[in-house]
Amino acid sequence: MQDPPERDATIMREALRGWGTQDTALIEMVCSRTTSQLQAIRYAYNSMYQRSLDEDISSDTSGDYRKVTFILRISYPLYFLCSFVVWCSLFFLCFLLADF
């Protein structure tokens with residue numbers, strides 16, 4: 001039986017292997033793990049596969065999707081980014097409604 005970080009590293013590896021990315025698995029990892037859990041996953045991935053999780057994600061994604069997964073590479077809490085996006089959207093909406 002694997003430790004949780006090792007299990008998650010295995011899931012990440014499988015999500016990134018082959019043609020394309022299994023987006024659901026990658027998004028679940030980014031959105032449902034704490035910063036310390038993400039760091040442990042990165043360490044386990046590197047130890048198990050002698051590869052950089054950051055580089056594998058970067059090489060397998062592109063565009064805005066790559067930017068979002070950048071959160072994983074810098075271990076920044078995704079909920080903060082989501083809060084910021086919601087706040088900016090509300091601010092922009094209020095700005096538009098103020099013109100009417």
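Contact here means heavy atoms within 4.5 Å. By this criterion, residues 24 or more positions apart account for 60% of the contacts in the protein with a separation of 6 or more. The model is predicted: local features need pLDDT of at least 70, side-chain atom pairs count only at pLDDT 80 or more, and totals for chains, interfaces and linings use all residues. Residues are numbered from 1 along each chain as its sequence is written, and side-chain values use heavy atoms, with hydrogens and water left out.

The protein has 6 helices and 0 strands. Helices (H or I, at least four residues) and strands (E, at least two) are DSSP runs, numbered from the N terminus. The order of elements from the N terminus is α-α-α-α-α-α. Of the 100 residues in the protein, 26% are buried. Buried means under 20% relative accessible area, exposed over 50%, and partly exposed in between (1.4 Å probe, protein chains only).

Helix α1 (residues 4-16) was examined against α2, α3 and α4. Axes are lines fitted to C-alpha atoms, for helices over the stretch in contact, and angles run from 0 to 180 degrees between N-to-C directions. Angles under 35 degrees count as roughly parallel, over 145 as roughly antiparallel, 65 to 115 as roughly perpendicular and the rest as oblique. A crossing is left-handed if the near helix is turned anticlockwise from the far one by less than a right angle, and right-handed if clockwise. For residue classes, Ala, Val, Leu, Ile, Met, Phe, Trp, Tyr, Cys and Pro count as nonpolar, Asp, Glu, Lys and Arg as charged, and the others, Gly among them, as polar.

The axes of α1 and helix α2 (residues 23-32) cross at roughly 145° and come within 8 Å. Their crossing is left-handed. From α1, the contact involves D8, I11, M12 and A15; from α2, A25, L26 and M29. This contact of α1 with α2 comprises 6 nonpolar, no polar and 1 charged residue.

The axes of α1 and α3 also come within 8 Å, with a crossing angle of roughly 70°. The two helices, α1 and α3, are therefore roughly perpendicular to each other. Here the crossing is right-handed. On the α1 side, P5, E6, D8, A9, T10, M12, R13 and L16 make the contact. On the α3 side, A40, I41, A44, Y45, M48 and Y49 take part. The classes in the contact of α1 with α3 are 10 nonpolar, 1 polar and 3 charged residues.

D8 lies in helix α1. This residue, D8, counts as buried, at 4% relative accessibility. Beyond its neighbours within four places in sequence, D8 is in contact with M29, R33 and I41.

For α1 and helix α4 (residues 53-60), the axes come within 10 Å and cross at roughly 25°. Helices α1 and α4 are therefore roughly parallel to each other. The crossing of α1 and α4 is left-handed. M12, R13, A15 and L16 of α1 meet L53, D56, I57 and D60 of α4. The contact of α1 with α4 contains 5 nonpolar, no polar and 3 charged residues.

Within helix α4 sits D56. D56 is buried, at 8% relative accessibility. Residues up to four places away in sequence aside, D56 touches R13, L16, Y45 and R51.

The loop between α3 (35-49) and α4 holds Q50. Most residues other than glycine have a negative phi. Q50 is not a glycine, yet has a positive phi of about 50°. With a relative accessible area of 64%, Q50 is exposed. S52 is found in the loop between α3 and α4. At 21% relative accessibility, S52 is partly exposed. Its contacts, not counting residues up to four places away in sequence, are with Y45 and N46. The C-alpha atoms of S52 and R42 are separated by 7.6 Å, with the two residues 10 apart along the chain.
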